[in-house]
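Subject: Structure handover and notes

Hello,

Here is the structure to look through, with my notes below it. Please read the notes with the model open.

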Amino acid sequence: MPENDNMTTEDKIKCPETAPEEQMGVTDEERQFALKKEPRPPLPRYIFAAAALLAILAFLGGGIWYYRTNILPEKYYQKATALFKQERYREAEGYYLRVLKLREERKDVLYQIAYCLEKTGRTDEAIVRYHEHLKMLPGDARALTRLGQLYMKKGEYDKALAALNDAAKKDK
């Protein structure tokens, strides 16, 4: 824009509409020093397929594990409880044993197994199961009472008295 005498001081202070060519963009010297991005080789498709397969297998494995450790034992427990209520103790014992095999931390199952054994006439096995139950829950007065009754049935009155006294102390 050529300078006119007609221009006001305000027009003279303004920036020009376009910058001169030497002030625009990157110079040739700057282009030489700029880092050039090297092209990255493409990843093979089999890597994505392997990652997807691994994710699917992990998901399926986790689902199977969850089913076996949480859902299946609970189904067995419900079936065993239904059989127990129908007084089908031998069948209920089998399901309780399956629950115990899959979930060893189920403390109530040992008592149920011992009760089933007691009801089917296997007193010695029931006593062993009651003792296992009492190792896990030493303050269970029900188990101590049942144990005392089994000892009385066997004629071992000293053990029966000890178990029943212990049950009386722990039952409040």
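The expected span of a helix is 1.5 Å times one less than its number of residues. Please keep in mind that the model is predicted.

Overall content

The chain contains eight helices and zero strands. Read from the N terminus, the order of elements is α-α-α-α-α-α-α-α. The chain has 172 residues, of which 25% count as buried. Among contacts with a separation of 6 or more, 41% are between residues 24 or more positions apart.

Helix α8

Which residues of α8 are buried? They are Ala 160, Ala 163 and Ala 167. Seen down the axis of α8, these buried residues fall within an arc of 70 degrees, so they line one face of the helix. In general, an α-helix has 3.6 residues a turn, so residues three or four places apart point the same way. The buried residues of α8 pack against α7. On the face turned away from the buried side, α8 carries the exposed residues Tyr 157, Asp 158, Leu 161, Ala 168 and Lys 169.

Leu 147 lies in helix α7, residues 141-154. Its relative accessibility is 3%, and Leu 147 therefore counts as buried, the cut-off for buried being under 20%. Leaving out residues up to four places away in sequence, Leu 147 touches Ile 127, Tyr 130, His 131, Leu 134 and Ala 163. One of these, Ala 163, is also among the buried residues of α8. Leu 147 and Arg 129 are 18 residues apart in sequence, with a C-alpha to C-alpha distance of 9.7 Å.

His 133 is placed in helix α6. At 1% relative accessibility, His 133 counts as buried. Apart from neighbours within four places in sequence, His 133 is in contact with Lys 107, Leu 110, Tyr 111, Asp 140 and Ala 143.

As for the pair itself, two packed helices are described by the angle between their axes and the distance between the axes. The axes of α6 and α7 cross at roughly 150 degrees and come within 10 Å. That makes α6 roughly antiparallel to α7, since angles over 145 degrees count as roughly antiparallel. The crossing of α6 and α7 is left-handed. On the α6 side, the contact is made by Thr 123, Asp 124, Ala 126, Ile 127, Tyr 130, His 131, His 133 and Leu 134. From α7 come Ala 143, Leu 144, Arg 146, Leu 147, Leu 150, Tyr 151, Lys 153 and Lys 154.

Glu 87 sits in the loop between α3 (45-85) and α4 (89-102). Glu 87 has a positive phi of about 60 degrees, although it is not a glycine. Is Glu 87 buried or exposed? With 58% relative accessibility, Glu 87 counts as exposed, as the cut-off for exposed is over 50%.

The length check can be repeated on α4. Its 14 residues should span 20 Å at 1.5 Å a residue, and its end C-alpha atoms are 20 Å apart, which agrees. Tyr 89, Ala 92, Glu 93, Tyr 96, Val 99 and Leu 100 are buried in α4. Around the axis they cover an arc of only 120 degrees, which puts them on the same side of α4. The cover over these buried residues includes α3, α5 (107-119) and α6 (123-136). The face of α4 turned away from its buried side carries the exposed residues Arg 90 and Lys 101.

The axes of α4 and α5 are 9 Å apart, and the two helices pack at an angle of about 155 degrees. They are therefore roughly antiparallel to each other. The crossing of α4 and α5 is left-handed. In α4, the residues that meet α5 are Tyr 89, Ala 92, Glu 93, Tyr 96, Leu 97, Val 99 and Leu 100. Their partners in α5 are Val 109, Leu 110, Gln 112, Ile 113, Tyr 115, Cys 116, Leu 117 and Lys 119.

Regards

Terms used. Residues numbered from 1 in each chain as written. Predicted model: local features only at pLDDT ≥ 70, side-chain atom pairs only at ≥ 80, totals over all residues. Heavy atoms only, no water. Helix = DSSP H or I, 4+ residues; strand = E, 2+ residues; numbered from the N terminus. Buried < 20%, exposed > 50% of the residue type's maximum accessible area, 1.4 Å probe, protein only. Arc of directions from axis to C-beta. Contact = heavy atoms within 4.5 Å. Axes fitted to C-alpha atoms, helices over the stretch in contact; angles between N-to-C directions. Parallel < 35°, antiparallel > 145°, perpendicular 65-115°, else oblique. Left-handed = near helix turned anticlockwise from the far one by under 90°.
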